[in-house]
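Here is a short briefing to read with the model open beside you. Have a look around first, then follow the topics below.

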Amino acid sequence: MPTIIRDLLGLHSGLLNGATAFIEPAAAAVAGLFLGRLTARRTIFVGGAGVLLGTAVIEAGVTSGMLSLLWVGGIVGGVGFGASFSGAVRTIAPLVQPHQRAGLFASIYLVAYLSFGVPAIIAGLLIAPVGLQGTVLGYGVAVLVAATVGLVAQYRVHTCS
């Protein structure tokens with residue numbers, strides 16, 4: 001986000017960079033707390049919808065050059081991520097024996113970090129040939145496709161069971 005704010009929006013402020021980088025994970029943490037009353041399956045569905053909508057708003061913010069849209073998209077997407085992660089953990093954690101939970105959580109975090117790290121590395125490599133805005137918009141499209149596939153899969157599993 002700081003590179004987007006500086007290079008695409010033309011804003012040079014450490015405070016804006018920090019605030020923008022803080023918004024999404026803060027929203028994710030709050031979502032995990034407040035959506036705990038929903039069933040795990042519903043939480044995952046709300047999360048997928050939040051990721052989808054948040055990404056679309058961020059893409060609109062990048063395209064229009066509006067920081068406020070980046071922030072709103074970050075909040076909505078952060079709620080989506082927090083809900084998805086919380087719901088997924090609540091779905092699979094009860095399926096393993098207590099002595100297997102350390103391995104389960106290690107696996108969850110390994111996959112989570114790889115799912116963020118590998119696309120970020122690929123995106124970084126694409127900036128030179130495609131440009132920052134093209135890379136950001138392409139990354140967003142990939143997230144939109146993944147979120148849509150996830151929502152459709154959740155809907156099918158829910159309606160078939």
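**A nonpolar patch on the surface**

L110, L114, V118, I122, L126 and V130 together make up a nonpolar surface patch with about 520 Å² of accessible area. Patches here are built from residues with over 30% relative accessible area and no salt bridge, with like charges joined within 9 Å and nonpolar side chains (Val, Leu, Ile, Met, Phe, Trp, Tyr) within 5 Å. Accessible areas come from the Shrake-Rupley method with a 1.4 Å probe, and for residues only the protein chains shown count as cover.

Please keep in mind that this is a predicted model, in which local features need pLDDT of at least 70 and side-chain atom pairs count only at pLDDT 80 or more, while totals for chains, interfaces and linings use all residues. Residues are numbered from 1 along each chain as its sequence is written, and side-chain values use heavy atoms, with hydrogens and water left out.

**Overall fold**

- The protein chain has six helices and zero strands, giving the pattern α-α-α-α-α-α along the sequence.
- Helices (H or I, at least four residues) and strands (E, at least two) are DSSP runs, numbered from the N terminus.
- Along the principal axes, the C-alpha atoms of the protein chain fill a box of roughly 50 × 30 × 25 Å.
- Of its 161 residues, 30% count as buried (buried is under 20% relative accessible area, exposed over 50%, partly exposed in between, with a 1.4 Å probe and protein chains only).
- Among contacts in the protein chain with a separation of 6 or more, 71% come from residues 24 or more positions apart; contact means heavy atoms within 4.5 Å.

**Helix 5**

- Helix 5 (residues 101-130) contains L114, which counts as partly exposed because its relative accessibility is 47%.
- The 30 residues of helix 5 reach 42 Å from first C-alpha to last, close to the 44 Å expected at 1.5 Å a residue. The expected span is 1.5 Å times one less than the number of residues.
- L104, I108, A112 and A123 are the buried residues of helix 5, and they pack against helix 4 (67-92) and helix 6 (132-160).
- G131 follows helix 5 and has a positive phi, near 95 degrees.

**Helix 6**

- Helix 6 has 29 residues and reaches 42 Å between its first and last C-alpha, close to the expected 42 Å.
- Its buried residues are L132, T135, V136, G140, A147 and L151, and their cover includes helix 1 (2-8), helix 3 (40-64) and helix 5.

**G54 in helix 3**

- G54 sits in helix 3 and counts as buried, because its relative accessibility is 0%.
- Beyond its neighbours within four places in sequence, G54 is in contact with G73, V76 and G77.
- G54 and V79 are 25 residues apart in sequence and 8.6 Å apart in space, C-alpha to C-alpha.

**Salt bridge**

- A search of the whole structure finds one salt bridge, defined as a side-chain nitrogen of Lys or Arg within 4 Å of a carboxyl oxygen of Asp or Glu.
- The side chains of R6 and D7 form a salt bridge, at 2.8 Å from N to O.
- D7 counts as partly exposed at 44% relative accessibility, and R6 counts as partly exposed at 38%.
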